[in-house]
Amino acid sequence: MKDLKQALNHQIGLGTAPLGNMFRNVPEAEAIETIQTAWDQGIRYFDTAPFYGAGLAELRLGKVLSKYNRDDYVISTKVGRYLTDEEEDKEGLYEEGRKNKVITDYTEDATLRSIEQSLERLQTDRIDIVYVHDLSPDFHGDEWIAKFEEARNGAFRVLSRLREEGVIKSWGLGVNTTIPIEVAMELEEVQPDLCLSATQYTLLQHKKALQRMLPTAEEKSVGIVVGGAFNSGALLGGPYFDYKEASDEIKERVKQFEEIAQRHDVSLKAAALQFSTAHPAVAAVIPGSTRPERIKEDLAAMKAEIPAAFWQELLDKELVSSDAPLPN
């Protein structure tokens with residue numbers, strides 16, 4: 001069985017959040033072609049979650065990956081939510097996803113139920129990495145602390161046991177803020193070893209992650225997988241930043257990046273992916289897409305030459321932190 005390091009092609013995997021019909025109804029053929037293209041281009045790490053379209057992303061991923069030798073790829077999925085056959089009206093990110101009701105629950109029983117359901121949708125006999133999903137203030141507000149305690153006594157313990165038994169290889173948190181990962185890494189009774197940090201260590205947004213999360217991850221040998229490296233597409237000129245409409249301030253910062261990139265003939269996609277993976281604590285970056293052609297772009301971007309003068313200008317204009325390790 002491959003571990004994450006063996007499975008990575010240029011430190012890059014495929015994030016499948018968009019394939020759950022995030023923001024739009026993605027035709028089935030397009031979603032399948034995107035996953036197939038990732039495979040054909042050598043990508044062997046795939047991240048998914050029950051939340052992505054109420055199981056839709058997992059179903060699509062399973063349809064493609066089930067054709068291949070299970071020892072040849074690594075899957076991560078998430079717990080903290082499970083699905084029921086009951087249907088509900090959807091709104092927000094996954095309005096176009098499946099209608100199954102999603103139950104948020106971080107207890108041991110719910111964690112095991114979530115894993116069992118994911119195995120079925122993914123058409124596999126094992127999951128390599130499990131992240132505890134959205135255990136964070138952006139989803140739960142002030143209640144996140146109570147939810148964290150529920151997970152500490154539930155999901156964290158059962159995932160630690162599964163890792164010790166060799167059922168899974170790694171576990172950690174998969175969140176859009178830094179604080180939950182920081183708190184989890186300081187726990188004594190359980191210890192995550194790989195966490196997914198979405199939107200927090202990116203070219204556009206990284207200072208907070210550099211203060212505590214990444215130094216602690218290095219100190220405790222906890223790997224970090226970076227999701228949302230383009231901050232929901234804002235850096236590449238899209239209308240969304242961190243899953244919401246981009247503010248005028250964000251658009252102005254993106255404009256500054258664009259002007260500097262143009263001066264140095266640099267692709268901002270290449271700069272973003274290479275920046276996020278330059279930190280020694282970062283194990284991988286997992287850009288997501290629903291367009292097959294974007295997969296080839298992402299892989300090429302990881303190998304693109306970026307002149308030192310580009311990074312120096314970003315430093316001079318304080319668009320990147322002087323504490324951030326920069327690509328060689």
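User: What makes the second largest pocket a pocket, and about how much space lies in it?

Analyst: On a 1 Å grid over the protein atoms alone, a pocket is an open set of points with protein on both sides within 12 Å along at least five of seven lines, whereas a cavity is a set of points where a 1.4 Å probe fits but cannot get out. The second largest pocket holds about 290 Å³ of space, a volume being the space filled by probe spheres set on grid points that are joined across faces, edges and corners. This is a predicted model, in which local features need pLDDT of at least 70 and side-chain atom pairs count only at pLDDT 80 or more, while totals for chains, interfaces and linings use all residues. Residues are numbered from 1 along each chain as its sequence is written, and side-chain values use heavy atoms, with hydrogens and water left out.

User: Which residues line the second largest pocket, and how is the lining divided by class?

Analyst: Lining residues have an atom within 4 Å of a point, and 17 residues line this pocket, with Leu4, Lys5, Leu8, Leu194 and Ala283 lying nearest its centre. The elements that give two or more residues to the lining are helix 1 (4-7) and strand 12 (282-285), where helices (H or I, at least four residues) and strands (E, at least two) are DSSP runs numbered from the N terminus. By class, the lining has 8 nonpolar, 3 polar and 6 charged residues; Ala, Val, Leu, Ile, Met, Phe, Trp, Tyr, Cys and Pro count as nonpolar, Asp, Glu, Lys and Arg as charged, and the others, Gly among them, as polar.

User: Why is Glu58 assigned to its accessibility class, and what joins its side chain to that of Arg121?

Analyst: Buried means under 20% relative accessible area, exposed over 50%, and partly exposed in between, with a 1.4 Å probe and protein chains only. Glu58, which lies in helix 3 (residues 56-65), has 0% relative accessibility and therefore counts as buried. A polar contact is a pair of N or O atoms within 3.5 Å; within protein, one must be able to donate a hydrogen and the other to accept it, and residues adjacent in sequence count only if both atoms are side-chain atoms. The side chains of Glu58 and Arg121 are joined by such a contact of 2.6 Å. Apart from neighbours within four places in sequence, Glu58 is in contact (heavy atoms within 4.5 Å) with residues including Thr48, Pro50, Thr77 and Leu122.

User: How do you know that Phe51 and Phe139 form an aromatic pair, and what kind is it?

Analyst: A search of the whole structure finds 13 aromatic pairs. The Phe51 and Phe139 pair has 5.8 Å centre to centre and 80° between the planes, and is edge-to-face, because rings of Phe, Tyr and Trp (its six-membered ring) pair if their centres lie within 6.5 Å, with planes under 30 degrees apart counting as stacked, over 60 as edge-to-face and the rest as tilted. The pair links distant parts of the chain, 88 residues apart: Phe51 is in the loop between strand 2 and helix 3, and Phe139 is in helix 5 (residues 137-140). Phe139 counts as partly exposed, since its relative accessibility is 34%.

User: What kind of pair do the rings of Tyr201 and Phe275 form, and why?

Analyst: Their centres are 5.1 Å apart and their planes at 25°, so the pair is stacked. Tyr201 is in the loop between strand 8 (194-198) and helix 9 (207-220), and Phe275, 74 residues apart from it, is in helix 11 (residues 268-278). Tyr201 is buried at 0% relative accessibility, and Phe275 is also buried, with a relative accessible area of 0%.

User: What makes helix 11 mostly covered, and what covers its buried residues?

Analyst: Of its 11 residues, 10 are buried, and the elements covering them include strand 9 (223-227), helix 10 (248-263), strand 12, helix 12 and helix 13 (308-316). At the N-terminal end, Ser267 caps helix 11 through a side-chain oxygen that lies 3.2 Å from the backbone nitrogen of Lys269.

User: What is noted about the phi of Phe23 and of Asp242?

Analyst: Most residues other than glycine have a negative phi. Phe23, in the loop between strand 1 and helix 2, has a positive phi of about 70°, and Asp242, in the loop between strand 10 (240-241) and strand 11 (244-245), has a positive phi near 50°. Phe23 counts as partly exposed because its relative accessibility is 37%, whereas Asp242, with a relative accessible area of 18%, is buried.
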